[in-house]
Amino acid sequence: MTDQYKDVDPQETQEWVESIEDALEEHGYERTRFLLESLIEFAQSKGARLPFNTSTPFLNTILPGQQPEYPGDRDIERKIKSIVRWNAMAMVTKANKETPGIGGHISTYASAATLYEVAFNHIFKGSDHSSGQDLVFFQGHASPGVYARAYLEGRLSKDNLDNFRRELAEGGGLSSYPHPYLMPEFWQFATVSMGLGPMMAVYQARFMRYMIDRGFVENTGRKVFAFLGDGEMDEPESTGALTLASRENLDNLIFVVNCNLQRLDGPVRGNSKVIQELEGAFRGAGWNVIKVIWGSDWDELIEKDVSGTFLKRIDEIVDGDLLKYVVEGGAYFREHFFGKYPELLKLVEHLTDEELGKMRPGGHDPVKVYAAYQEAINHKGGPTVILARTIKGYGLGEAGEGRNITHNQKKLNENELLYFRDRFSVPLSDDDASKAPFYRFSKDSKEHKYLIEKRKSLGGFLPERKNNPKRLTVPKVSIFEEMLAGTGDREVSTTMSFIRLLTILTKDKTIGKYVVPIVPDEARTFGMDPLFRQLGIYAHRGQLYDPVDSDQFLYYKEAKNGQILEEGINEAGAVSSFIASGMSYSNHGIHMIPFYIYYSMFGFQRVWDFIWAAGDMRAKGFLLGGTAGRTTLNGEGLQHQDGHSHLAAASTPNIKAYDLAYAYEIAVVVHRGMQEMVEENKDVIYYLTLENENYVHPPIPDDVSDDIIKGLYKIRSTQKPTVRLLGSGPLMGEALAAAELLKKDWGVDPGIWNVTSFSELRRDAEEVERWNLLNPDKPSKRSHLEKSLSKHRVPTVAVSDYVKMVSEQIGPYVPGPYYSLGTDGFGRSETREALREFFEVDRHYIVLTAVRALAIEGVLNMDTVEKVMKKYNLDPEKPSPINV
Ligand SMILES: Cc1ncc(C[n+]2csc(CCOP(=O)(O)OP(=O)(O)O)c2C)c(N)n1
Ligand SMILES: [Mg+2]
């Protein structure tokens, strides 16, 4: 027995309990809570060290007497739910019978069916509702159930269901999981990379607030729901933003954790109780927690347990035991759980083993689940989590109910199908049932009418993804005249140029207010802090304090209608804000234009999974990798110097990535990006790397804008080129310096080109190549690369501040021999010059490569190459930067 249960004076305890009982009866729940809290406070003030306890007894939060009346027809709803269950199971079973190994999940939805069906019938609001559409993150592995319901609603056809996980089938199939990219009129949120959903949901709710506080939309009480797995809660991201949600009082946010106590391999917490642990985490983070552990069958038993023995016993056991009771059935349950204490055994003596085995957990009881939803949607002042205990594989019996293999159960055999049919009274004959057909209520059945009527009164079907935003007009590129004109003698960095551009853009009368600058505690690094004052930092509560720099013009200004999202040291949160604002055109019907600027090293490699999800969800906006470039960011060393984010960007299909050298390039690229996003309504993300090296920016040459977008434009041509240099981003300066040396020291006059995007060049060249492959009968097309470079098949030397693979992307498509210089290896802190020499990307290495290329071509002697080495003191024994 734990200390907790040692009672040295039971009579005194009883008196206290009776007082509380009186208070509950006379004054109700709120007053009782107040009294208890006052007592605790008093005891603490007198020195009593009360342990901080974040969890409450393992009971339902809402007592039977506090439950609202159930608003629906239980009988019809059960029939509908049973058919949804059947169809979801049949969809996966059929798919795997026809195509073994195609996959799918039966058990997740089997556990979550009641959670979803109650919400579909009574809670979720559709887009025609006067409050607007609720945003729902569906648990990814429960997708078969969501499809099965859409089938009953008549939104999906039998063919669609037949083609679950066969998306290339004729007529199109259904995606494995929620993927808005693949089913753009259906799914809204990509959830299946576990942990991203909960975090993104928090930021969606927060962004909804932002839109309200900035006056873009009315507060109509819309909600964000996130349905999550209990195993999924182990992902650090799942709980990573909980305190933000309570800090910002997000009562528009509801998490529903499907606590079936199991994940893929086995129990989530065999040796303890995951629900209690989660309660502690959420309560500690300031959330309203509603536990739904026991179904109505248990009400009487718990009520009768005046001695607290049930509570004591339930406290002794762990989740592993609860799972065992489900699998072993009523007799085992009686013996091993109730059997420990005679008075407990007495409580269930009137029940048969079968009845005992069928007593449901709360998450399978519509009355309990509805009560939880009602309280959650009416809760004010903060977010709510519903922790609902369910059974994984509910209804599968021997085929997997509660068993460790259940997650991967993909098909039922004949006997199992018949068992399932009987368990849920599915009206199919033995013959029919063993073929696992889809079942649909006839149009004039009361079940069909009921489910349609319910959705109609709640504003239409869900999920449903909208894409009809109001188009915005992008001002002419001339608003960025300052960038286009060059900087004269002034030396600035591309990072500074971008901040100027952002300042101009946010001041623009037509489009400025739609811009959402996002930064994770790095604004001063990028010189963005003046915008704090100009735009304000978004804070729902405004600014409750006098900032330490309030006497200064550019003080730290927080405001309720602030425009900047300053996310703190939190790249995962910041990119979630980027996603929420980049999806605003769909979720709010208003194009917002996020500009998320961050240390480029903490971008792709840290949150690429979120960026991938952003692509799936068709988010749009600008990612700005600040202080990028392995050698351009010099003093910060190995973990700060980004020389590879462009590889990740290049392989993310919806991203257009640019590494820019000059201010006018930034103006042209951002301008074109905005046109694509808000005028043409394309789902595209632009990724720009920006650097902190200061140099003079020239004015924009004539007629290069289109080529800047395509990825390559000419800086200087020569009469009779023998070699060509491609510079990119900050290493353009080294390419230009190398050209000078080539001319001055070796009499070679190279053509010079500026590459703004290796990945855009490669994509274009690949597309052209593919078209030519598939269209042998038609005249060949030519890529931008070919059009630009094929006149002279001379050697080409490319240099960038990224790993060689970045510039090598275009290697197969460049006419003539192609040489790449890049920054492979770990970075380190040094001067920029030393780093460029170390990584062998400086002017001398460019010259060396060009001269050797000419020697190989027979234009120069090999002797000249040796002379180059000598002249610039290049050491043949220098260790490779990759190995040191
Ligand atoms: C980031 C990530 N890691 C692993 C997986 C593979 N995975 C899919 S479902 C699953 C178990 C899910 O358990 P839980 O969250 O408890 O959901 P349940 O199916 O039990 O409702 C795992 C490990 C994934 N989808 N995403
Ligand atoms: Mg689980």
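Modeller: Donors are N, O and S atoms within 2.8 Å of the metal; water is not among the atoms, so sites may look incomplete. Keep that in mind here, since this is a predicted model.

Biologist: Which protein donors does the magnesium ion (ligand 2) have?

Modeller: Three are listed: Asp230 (OD), Asn260 (OD1) and Gln262 (O). Along the chain their spacing reads D-x29-N-x1-Q. Asp230 sits in the loop between β2 (224-229) and α7 (236-240), and Gln262 in the loop between β3 (253-259) and α9 (274-284), so the pair ties together parts 32 residues apart in sequence.

Biologist: Are Asp230 and Gln262 buried or exposed?

Modeller: Both are buried.

Biologist: Now a charged residue. Where does Arg214 lie?

Modeller: In the loop between α6 (196-213) and β2. A salt bridge needs a side-chain nitrogen of Lys or Arg within 4 Å of a carboxyl oxygen of Asp or Glu. Arg214 is buried but has none. Asp213, the nearest side chain of opposite charge, is 9.5 Å away.

Biologist: What is Arg214 in contact with, leaving aside its neighbours within four places in sequence?

Modeller: Lys513, Val515, Asn561, Gly562, Gln563 and Met592.

Biologist: Last, a helix. Which residues of α35 are buried?

Modeller: Buried means under 20% relative accessible area. In α35 (residues 862-871), Thr864, Val865 and Val868 are buried. Seen down the axis of α35, the buried residues fall within an arc of 105°, so they line one face. On the other side, Glu866 and Lys870 are exposed.

Biologist: What covers the buried residues of α35?

Modeller: The cover includes α29 (732-746) and α34 (843-856). After α35 comes Asn873, with a positive phi near 55°.

Definitions and conventions
Residues numbered from 1 in each chain as written. Chains lettered and ligands numbered in written order. Predicted model: local features only at pLDDT ≥ 70, side-chain atom pairs only at ≥ 80, totals over all residues. Heavy atoms only, no water. Buried < 20%, exposed > 50% of the residue type's maximum accessible area, 1.4 Å probe, protein only. Helix = DSSP H or I, 4+ residues; strand = E, 2+ residues; numbered from the N terminus. Arc of directions from axis to C-beta. Contact = heavy atoms within 4.5 Å. Donors = N, O, S within 2.8 Å, 3.2 Å for Na, K, Ca; no water. Lys, Arg positive; Asp, Glu negative; His and termini not counted.
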